[in-house]
Amino acid sequence: QISFNHQGTKMLVAGMGYINWLDVDNKSKLKLFDFNRCTGKLSNYTYHELPLHDTTKPEYDLALSGGCFSPNDSFVYVTLGEHIAQYQVNSPDSLSGWSIVGGMDTTSNAFQGYANIYPGPDGKIYIGNWNGTCKQMSLINKPNIKGVSCEFCQKCLRYDTFSNISFVNQPPNMPNYTLGADSSSCWPLSNTDLPNSSKGGALQAYPNPANSILYLATTFKQKRELYNYIGQLLFTTTENKIDVSKYPRGLYFVKCGAEVIKVILE
């Protein structure tokens, strides 16, 4: 499972890291990345070894299948087949940052197993079943609190009285609709001067709209840069013309020094 934190600045990957379930020397690890919402690039990769809760059954204890961030982004919750573990994101020590906060309510042969895990809009975290043979799912009531005080609740989301539901499997994958655009670092989306820089500034472009060659007029010595509408650099030149025939129709930006103008390709 791949999940992003609520600020849109980190991404986690939770999954089994070995082919042979008994190969505990190559066991699963939680992988964390810094995420740049402007460029889509991942950086500062770190991995965090999972704790063994039951040394008699390492193949189940390390069956990492799901993970998500707490609403305040301080913790990561992962599903380990038969257990739920919490990891403190900024813990100075990888192993001491772990807490086991939930387990089974029956025997291994009868237990469905934990699968993907998702935050809900109510601030709780919902946990799916690996084998959807029951009419209940588990949840975490207070995921922003460290350790067992997070109130893991075994099979507390119940559909027992619904005759048209035979079993429940995974909660829905709901995106963070409140995140919004990153107005702090993305260029050109964060450039509040954009509307004014298109009106008679020191950088001019013609024809605009253009479909083959875009000509520029400026006295600046800096490089001329062509960006798409999400701020990705497409082309750099020192000349006052750009061949735009190979680019799709749409909105683009030309930047030279501090000047930015909008151009339309058609």
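Biologist: What makes E151 and K142 a salt bridge in this predicted model?

Modeller: Their side chains meet with N and O 3.2 Å apart. The cut-off is a Lys or Arg side-chain nitrogen within 4 Å of an Asp or Glu carboxyl oxygen, so this pair counts.

Biologist: Why is E151 called partly exposed?

Modeller: Its relative accessibility is 35%. Partly exposed is the band between buried, under 20%, and exposed, over 50%, so E151 belongs there. K142, at 40%, is also partly exposed because that value falls in the band.

Biologist: How many salt bridges does a search of the whole structure find?

Modeller: Three. R158 and D160 meet in one of them, at 3.0 Å from N to O. K10 and D34 form another, and their closest N and O atoms are 2.6 Å apart.

Biologist: How do you know that K10 and D34 link distant parts of the chain?

Modeller: Look at where they sit: K10 is in strand β2 (residues 10-13) and D34 is in strand β3 (residues 29-35). The two are 24 residues apart.

Biologist: And why is D34 called partly exposed?

Modeller: D34 has a relative accessible area of 22%. Buried would need a value under 20%, so D34 is partly exposed instead.

Biologist: Let's turn to nonpolar residues. Which residues have the most contacts inside the largest nonpolar core?

Modeller: They are L214, L226, V244, V254 and V263, in a core of 15 residues. Strands β13 (203-206), β14 (213-218), β18 (250-256) and β19 (259-265) each supply at least two residues of this core.

Biologist: What does L214 contact, leaving aside its neighbours within four places in sequence?

Modeller: Among its contacts are A205, I242, V244, V254 and V263. There is also a second, separate core of 14 residues, which includes A14, L32, L50 and Y87.

Key
Residues numbered from 1 in each chain as written. Predicted model: local features only at pLDDT ≥ 70, side-chain atom pairs only at ≥ 80, totals over all residues. Heavy atoms only, no water. Core = buried A, V, L, I, M, F, W, Y, C linked by side-chain atoms within 4.5 Å. Buried < 20%, exposed > 50% of the residue type's maximum accessible area, 1.4 Å probe, protein only. Helix = DSSP H or I, 4+ residues; strand = E, 2+ residues; numbered from the N terminus. Contact = heavy atoms within 4.5 Å.
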